[in-house]
Amino acid sequence: MSFVEAYLQRDGRLFSEGMFQTILDTTFKDRGLGWNKEYGNHILYHTGFTGTSILMDMDTREGMILLTNRIHPSRDNKVFLEERIALNHLWLD
């Protein structure tokens, strides 16, 4: 939560203001510098293998952290991935 708050507040302990702007401005095929940008240039999104994710709206300065264990009981849980996308859309709307 502290990491997301620092990102949303553009905390200088993480990066300079110029670097934050570069992160937002850099997009190539829905990807940025360490972040997915599939929901827009101002939305930073990152996922983890076990289904965890961080979704941050840099314009509204709001974030969502999803802690999960999609690999239990099996790593072949495709339904979870679809549901996570649906949850992201609900949060963004």
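I began with serine 53, which counts as buried because its relative accessibility is 4%; here buried means under 20% relative accessible area, exposed over 50% and partly exposed in between, with a 1.4 Å probe and protein chains only. Serine 53 lies in strand β2, residues 53-57, where helices (H or I, at least four residues) and strands (E, at least two) are DSSP runs numbered from the N terminus. Leaving aside neighbours within four places in sequence, I found serine 53 in contact with Tyr45, His46, Thr47, Met64, Ile65, Leu66 and Arg84, contact being heavy atoms within 4.5 Å.

I noted that this is a predicted model, in which local features need pLDDT of at least 70 and side-chain atom pairs count only at pLDDT 80 or more, while totals for chains, interfaces and linings use all residues. Residues are numbered from 1 along each chain as its sequence is written, and side-chain values use heavy atoms, with hydrogens and water left out.

Next I looked up the aromatic rings, where rings of Phe, Tyr and Trp (its six-membered ring) pair if their centres lie within 6.5 Å, and planes under 30 degrees apart count as stacked, over 60 as edge-to-face and the rest as tilted. The count by this rule is six aromatic pairs. Tyrosine 7 and phenylalanine 15 form an edge-to-face pair, because their ring centres are 5.9 Å apart and their planes stand at 75°. Tyrosine 7 is buried at 4% relative accessible area, whereas phenylalanine 15 is partly exposed at 29%. The rings of tyrosine 7 and tryptophan 35 are also edge-to-face, with centres 5.2 Å apart and planes at 75°. Since tyrosine 7 lies in helix α1 (residues 2-8) and tryptophan 35 in the loop between α2 (17-25) and β1 (43-47), this pair ties together parts that are 28 residues apart in sequence. I also recorded that ring pairs link Phe3, Tyr7, Phe15, Phe20 and Trp35 into a cluster.

Then I turned to charges. Side chains of opposite charge can pair when their charged atoms come close. I found two salt bridges, a salt bridge being a side-chain nitrogen of Lys or Arg within 4 Å of a carboxyl oxygen of Asp or Glu. Arginine 10 bridges to glutamate 17, with the closest N and O atoms 2.4 Å apart; arginine 10 is buried at 17% and glutamate 17 is partly exposed at 44%. Arginine 13 bridges to aspartate 11, the closest N and O atoms being 2.6 Å apart; here arginine 13 is exposed at 75%, while aspartate 11 is buried at 16%.
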